[in-house]
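Subject: Structure handover

Hello,

Here is the structure for you to look over. My notes follow below it.

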Amino acid sequence: MKIATLTFQFSINFGAQLQCLALQEVLKEMGHDVEVLQYNPDFTKKKAPFYRNIGIKQNGLSFALKHAFVKLVYASKMVNRFNKFQKKAFESDRAM
């Protein structure tokens, strides 16, 4: 049976990627033809500002500044690692 799964993969979330990959593998082992459809929302209309979700109201200014610093320093490294993981995990499936 041909099965398509719809996922949101445009966030940097290893858990979501692993869940999608695991579901895909289990369905393949059951003998199904599996395709992953990627939901790609249009983020160009409304972008969240950088300072959103750094926790100023909940945790105070000191925590928020530390969080913002970590976000600035490590965000690009995290995105690069995530993209490599995603490419490796899902490219092998497309080659088959």
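Does Glu35 count as buried, exposed or partly exposed, and at what relative accessibility? Glu35 counts as partly exposed, at 36% relative accessibility. The classes are set by relative accessible area: buried is under 20%, exposed is over 50%, and partly exposed is in between (1.4 Å probe, protein chains only).

Some ground rules. This is a predicted model, where local features need pLDDT of at least 70 and side-chain atom pairs count only at pLDDT 80 or more, while totals for chains, interfaces and linings use all residues. Residues are numbered from 1 along each chain as its sequence is written, and side-chain values use heavy atoms, with hydrogens and water left out.

**Overall layout**

The chain has 3 helices and 2 strands. Their order along the sequence is β-α-β-α-α. Both come from DSSP runs, numbered from the N terminus: helices are H or I with at least four residues, strands are E with at least two. Of the 96 residues in the chain, 22% are buried. Take the contacts (heavy atoms within 4.5 Å) between residues at least 6 apart in sequence: 71% of them join residues at least 24 apart.

**Salt bridges**

Side chains of opposite charge can pair when their charged atoms come close. The rule here asks for a side-chain nitrogen of Lys or Arg within 4 Å of a carboxyl oxygen of Asp or Glu. The count is 2 salt bridges. One joins Asp33 to Lys2, at 3.7 Å from N to O. Asp33 sits in strand 2 (residues 33-39) and Lys2 in strand 1 (residues 2-8), 31 residues apart. Glu35 also forms a salt bridge with Lys2, again with N and O atoms 3.7 Å apart at the closest. Here the partners are 33 residues apart, Glu35 in strand 2 and Lys2 in strand 1. Lys2 is exposed at 58%, and Asp33 is partly exposed at 43%.

**Aromatic pairs**

Rings of Phe, Tyr and Trp (its six-membered ring) pair if their centres lie within 6.5 Å; planes under 30 degrees apart are stacked, over 60 edge-to-face, the rest tilted. There are 2 aromatic pairs. Phe14 and Phe82 are edge-to-face, because their planes are at 80 degrees, with ring centres 5.0 Å apart. Phe14 lies in helix 1 (residues 14-29) and Phe82 in helix 3 (residues 61-95), so the pair ties together parts 68 residues apart in sequence. Phe82 is buried at 2%, whereas Phe14 is partly exposed at 36%. Phe14, Phe82 and Phe85 form one aromatic cluster.

Best wishes
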